[in-house]
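Trainee: I have a new model on my screen. Could you show me how to read its packing and its pockets?

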Amino acid sequence: MKPQIFALLAAICWGVGGYFEKKGLHLGNLSPTMGITLRTLVAFVLLAVASYPQWKTVPLASSKALIYMIVGGGIVAGAAGMLCFYTAIKGAPLGRVMPIAFTSPLFGALMGLIFGGEALTLKTILGMSLTIGGIILLTIE
């Protein structure tokens with residue numbers, strides 16, 4: 001399948017999952033931190049099983065690659081990002097939180113432009129502008 005299909009499936013999973021996560025936080029009167037812990041525990045078990053055939057590749061990866069994964073994925077996106085997201089969904093309606101929280105492609109594009117040497121094109125500028133405009137439209141009162 002094309003990468004765009006997987007991106008769309010990821011968006012669907014995250015949107016649907018966000019709904020159930022918000023419901024679970026409120027029904028169980030759980031803290032955002034406990035919600036993240038439960039989510040991460042289940043994800044860890046499922047992913048550990050699914051990735052078992054690839055475990056042998058970890059010792060072959062450079063320490064720099066592992067540091068990028070640990071800092072970027074584990075600390076920044078995994079812990080800090082999820083803590084902020086869970087705190088937001090516990091305290092506000094999904095229709096206000098999700099459009100803002102899922103501006104991540106905007107920040108990813110900026111990182112690619114600033115640090116990744118990606119080209120700034122008219123298409124990129126228009127896409128980023130439309131993203132920002134859509135978020136403003138969805139979140140203004």
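Predicted model: local features only at pLDDT ≥ 70, side-chain atom pairs only at ≥ 80, totals over all residues.

Trainee: What do I call the arrangement of helix 2 and helix 3?

Mentor: Angles over 145 degrees count as roughly antiparallel, and 65 to 115 as roughly perpendicular. The crossing here is at roughly 120 degrees. Helix 2 and helix 3 are therefore oblique to each other.

Trainee: Is the crossing of helix 2 and helix 3 left-handed or right-handed?

Mentor: Right-handed.

Trainee: Which residues of helix 2 and helix 3 meet?

Mentor: Look for heavy atoms within 4.5 Å. From helix 2 come Pro32, Thr33, Gly35, Ile36 and Arg39. Their partners in helix 3 are Met82, Leu83, Tyr86, Thr87 and Lys90. Sorted by class, this contact holds five nonpolar, three polar and two charged residues.

Trainee: Let me step back to the whole fold. How many helices and strands are there in the protein?

Mentor: Six helices and zero strands. Along the sequence the pattern reads α-α-α-α-α-α. For the extent, take the C-alpha atoms along the principal axes: they fill a box of roughly 50 × 45 × 30 Å.

Trainee: Now helix 4 and helix 6. At what angle do they pack?

Mentor: Helix 4 (residues 94-101) and helix 6 (residues 122-139) pack at about 165 degrees, and their axes are 9 Å apart. That angle makes helix 4 roughly antiparallel to helix 6. The crossing of helix 4 with helix 6 is left-handed.

Trainee: Which residues make the contact of helix 4 and helix 6?

Mentor: Helix 4 brings Gly95, Arg96, Pro99 and Ile100. Helix 6 brings Ile135, Leu138 and Thr139. By class, the contact has four nonpolar residues, two polar and one charged.

Trainee: How do helix 5 and helix 6 lie, oblique or roughly antiparallel to each other?

Mentor: Check the angle before you name it. Helix 5 and helix 6 pack at about 150 degrees, with axes 10 Å apart. The cut-off for roughly antiparallel is over 145 degrees. Helix 5 and helix 6 are therefore roughly antiparallel. Their crossing is left-handed.

Trainee: What residues make the contact of helix 5 and helix 6?

Mentor: On helix 5 they are Leu106, Ala109, Leu110 and Leu113. On helix 6 they are Thr124, Met128 and Ile132. Six of these residues are nonpolar, one is polar and none is charged.

Trainee: On to pockets. What volume has the largest pocket?

Mentor: About 1,500 Å³. After the volume, read the lining. The largest pocket is lined by 34 residues. Nearest its centre lie Arg39, Gly73, Ala77, Gly78 and Met82.

Trainee: Which elements give two or more residues to the lining of the largest pocket?

Mentor: Helix 1 (3-27), helix 2 and helix 3. Helix 3 gives the largest share, 14 residues. Arg39 and Met82 lie in the group nearest the pocket centre, and both take part in the contact of helix 2 with helix 3.

Trainee: How does the lining of the largest pocket divide by class?

Mentor: Into 23 nonpolar, nine polar and two charged residues.

Trainee: And the second largest pocket: which residues line it?

Mentor: Tyr68, Val71, Gly72, Val76, Phe107, Gly108 and Met111. The space in the second largest pocket is about 260 Å³. Helix 3 and helix 5 (104-114) each supply at least two residues of its lining. The largest share, four residues, comes from helix 3.

How values were computed. Residues numbered from 1 in each chain as written. Heavy atoms only, no water. Axes fitted to C-alpha atoms, helices over the stretch in contact; angles between N-to-C directions. Parallel < 35°, antiparallel > 145°, perpendicular 65-115°, else oblique. Left-handed = near helix turned anticlockwise from the far one by under 90°. Nonpolar A, V, L, I, M, F, W, Y, C, P; charged D, E, K, R; others polar. 1 Å grid on protein atoms, 1.4 Å probe; cavity = no way out; pocket = protein on both sides within 12 Å on 5 of 7 lines; lining within 4 Å. Points joined across faces, edges and corners; volume = space filled by probe spheres on them.
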